[in-house]
Amino acid sequence: MSLVGKSVYHIHDMNKIQFGNVIDEKLDKTWKWVKVNWLNGPPTNNYNSPSLNIKTNWFRIDTVQVFNPQDMIYDLQAL
């Protein structure tokens, strides 16, 4: 299943969240990687994790979460 066009988020620096859309995907060895167009600025990689590259915007699939923005907005409005 292709993730291109899906909304994703990435949590970094323990308490920051970045939102974006998948614009490309690839398979490298056994891992799926997605290229993300970050809407509120790119995340940081303070720990130099090899599972993401903030310069090229490629993120291993286990570092991003696919989500439905309308569902998240509904949940946030309930706070």
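Student: How many bridges join S1 to strand S2, and do they run parallel or antiparallel?

Tutor: Let's start with the general idea. Strands of a sheet pair through backbone hydrogen bonds, and the pairing can be parallel or antiparallel. Keep in mind that what you're looking at is a predicted model. Here, S1 and S2 (residues 16-28) run antiparallel, and six bridges join them.

Student: What sits between the strands in the hairpin of S1 and S2?

Tutor: Three residues. Have a look at Asp-13 in that hairpin: its phi is positive, near 50 degrees.

Student: Which other strand is joined to S1, and by how many bridges?

Tutor: That's S6, residues 65-66, joined to S1 by two bridges and also running antiparallel. To find the spot, go to Val-8, which stands opposite Val-66 in S6.

Student: In what order do the six strands of the open sheet come?

Tutor: Read across the sheet and you get S4-S5-S3-S2-S1-S6, with antiparallel pairing. The edges are S4 (52-53) and S6, each of which pairs on one side only.

Student: What caps the N-terminal end of H1?

Tutor: Asn-68 does. Find its side-chain oxygen, which lies 2.9 Å from the backbone nitrogen of Gln-70.

Student: Now the rings. How many aromatic pairs does a search of the whole structure find?

Tutor: Four. As a general idea, you describe a pair of aromatic rings by the distance of the centres and the angle of the planes. Take Tyr-9 and Phe-67: the centres are 5.3 Å apart and the planes stand at 65 degrees, so this pair is edge-to-face.

Student: Why does the pair of Tyr-9 and Phe-67 tie together parts that are apart in sequence?

Tutor: Because Tyr-9 is in strand S1, while Phe-67 is in the loop between S6 and H1; those parts are 58 residues apart in sequence. Tyr-9 counts as buried at 19% relative accessibility, because the cut-off for buried is under 20%. Phe-67 is buried too, with a relative accessible area of 16%.

Student: Which residues form one aromatic cluster with Tyr-9?

Tutor: Phe-19 and Phe-67.

Student: Where does the charged end of Arg-60 sit?

Tutor: Over the ring of Trp-31, 4.0 Å from its centre. You can find Lys-26 over the face of Trp-58 as well, at 4.3 Å from the ring centre.

Conventions:
Residues are numbered from 1 along each chain as its sequence is written. This is a predicted model: local features need pLDDT of at least 70, side-chain atom pairs count only at pLDDT 80 or more; totals for chains, interfaces and linings use all residues. Side-chain values use heavy atoms; hydrogens and water are left out. Two strands pair if DSSP finds at least two bridges between them. Helices (H or I, at least four residues) and strands (E, at least two) are DSSP runs, numbered from the N terminus. A polar contact is a pair of N or O atoms within 3.5 Å; within protein, one must be able to donate a hydrogen and the other to accept it, and residues adjacent in sequence count only if both atoms are side-chain atoms. Rings of Phe, Tyr and Trp (its six-membered ring) pair if their centres lie within 6.5 Å; planes under 30 degrees apart count as stacked, over 60 as edge-to-face and the rest as tilted. Buried means under 20% relative accessible area, exposed over 50%, partly exposed in between (1.4 Å probe, protein chains only). A charge sits over a ring if NZ of Lys or CZ of Arg is within 6 Å of the ring centre and within 35 degrees of the ring normal.
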